[in-house]
Amino acid sequence: TSSSLFTPNRQAEALKADMTDSKLGAAEVWTSRQALQDLYQKMLVTDLEYALDKKVEQDLWNHAFKNQITTLQSQAKNRANPNRSEVQANLSLFLEAASGFYTQLLQELCTVFNVDLPCRVKSSQLGIISNKPGGGAIVTPQPSSCSYICQHCLVHLGDIGEDTSFLRPPRCHGGPWRTSSGLSSSFTATST
């Protein structure tokens, strides 16, 4: 219910403030980013309608991923940056983590809300037995909200794939998604 999510909204605001606090070190910012991801993921899974009404999915993308990706890309493109190769490595790792987060979130949303996507391998086929996350009741959302949030995750997986493509040669790696040819891949990055 909306009243039970009031505290998470305050937590999210505090975590976002921590992520922009110049006095905090990289480890503290990373910890705050992880906590924000976990908090928003829980909000999306337990009360999707309320979370969408509060634009949690947009906040999640912008504050936990997009801002950091944009910062790292800018630093990685700066040829005068003496730490450029380290920044590129950090960007690559961050993009892999973002891809993993959205892949896992999409898998969880599809499982919890019983959404059948043609590209999705069912959790049971991956050896995942539990269909519901532990702790707390889940408010059943409208089917259109389920479709929207799944599309949102897929769009960002595509965005991340595009961002990844300039860092390394194209490759296909396994994940819980099938291409039209039946091959398993999280996404296939293409060179630009």
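**Exercise 1. Cysteines**

A search of the whole structure finds zero disulfides.

*Solution.* 
- Start with the rule: a disulfide is a pair of cysteine sulfur atoms within 2.5 Å.
- Then take cysteine 110. The nearest cysteine sulfur belongs to cysteine 150 and is 3.8 Å away. Cysteine 110 is in no disulfide.
- Last, check burial. Buried means under 20% relative accessible area, exposed means over 50%, and partly exposed lies in between (1.4 Å probe, protein chains only). Cysteine 110 has 1% relative accessibility, so it counts as buried. Cysteine 146 is buried too, at 7%.

A note on the model: it is predicted, so local features need pLDDT of at least 70 and side-chain atom pairs pLDDT 80 or more, while totals for chains, interfaces and linings use all residues. Residues are numbered from 1 along each chain as its sequence is written, and side-chain values use heavy atoms, without hydrogens and water.

**Exercise 2. Salt bridges**

Find the two salt bridges of the structure. State which residues they join into one network.

*Solution.* 
- Apply the cut-off: a side-chain nitrogen of Lys or Arg within 4 Å of a carboxyl oxygen of Asp or Glu.
- Glutamate 13 pairs with lysine 16, with the closest N and O atoms 2.9 Å apart. Both sit in helix H1 (residues 6–19), three residues apart, so about one helical turn separates them. Helices are DSSP runs (H or I, at least four residues), numbered from the N terminus.
- Glutamate 13 is partly exposed at 48%. Lysine 16 is buried at 11%.
- Aspartate 59 also meets lysine 16, at 2.5 Å from N to O. Aspartate 59 is in helix H4 and lysine 16 in helix H1, so this bridge ties together parts 43 residues apart in sequence.
- Shared partners join Glu13, Lys16 and Asp59 into one network.

**Exercise 3. Aromatic pairs**

The structure holds six aromatic pairs. Classify the pair of tryptophan 61 and phenylalanine 65, then the pair of phenylalanine 65 and phenylalanine 101.

*Solution.* 
- Tryptophan 61 and phenylalanine 65 are 6.3 Å apart, centre to centre, with 25° between the planes: stacked. Both are buried.
- Phenylalanine 65 and phenylalanine 101 have centres 5.2 Å apart and planes at 40°, so this pair is tilted. Phenylalanine 65 is in helix H4 and phenylalanine 101 in helix H5 (residues 84–112), 36 residues apart.
- Trp61, Phe65, Phe94, Phe101 and Tyr102 form one aromatic cluster.

Technical notes. Phe/Tyr/Trp six-rings, centres within 6.5 Å; stacked < 30°, edge-to-face > 60°. Helix = DSSP H or I, 4+ residues; strand = E, 2+ residues; numbered from the N terminus.
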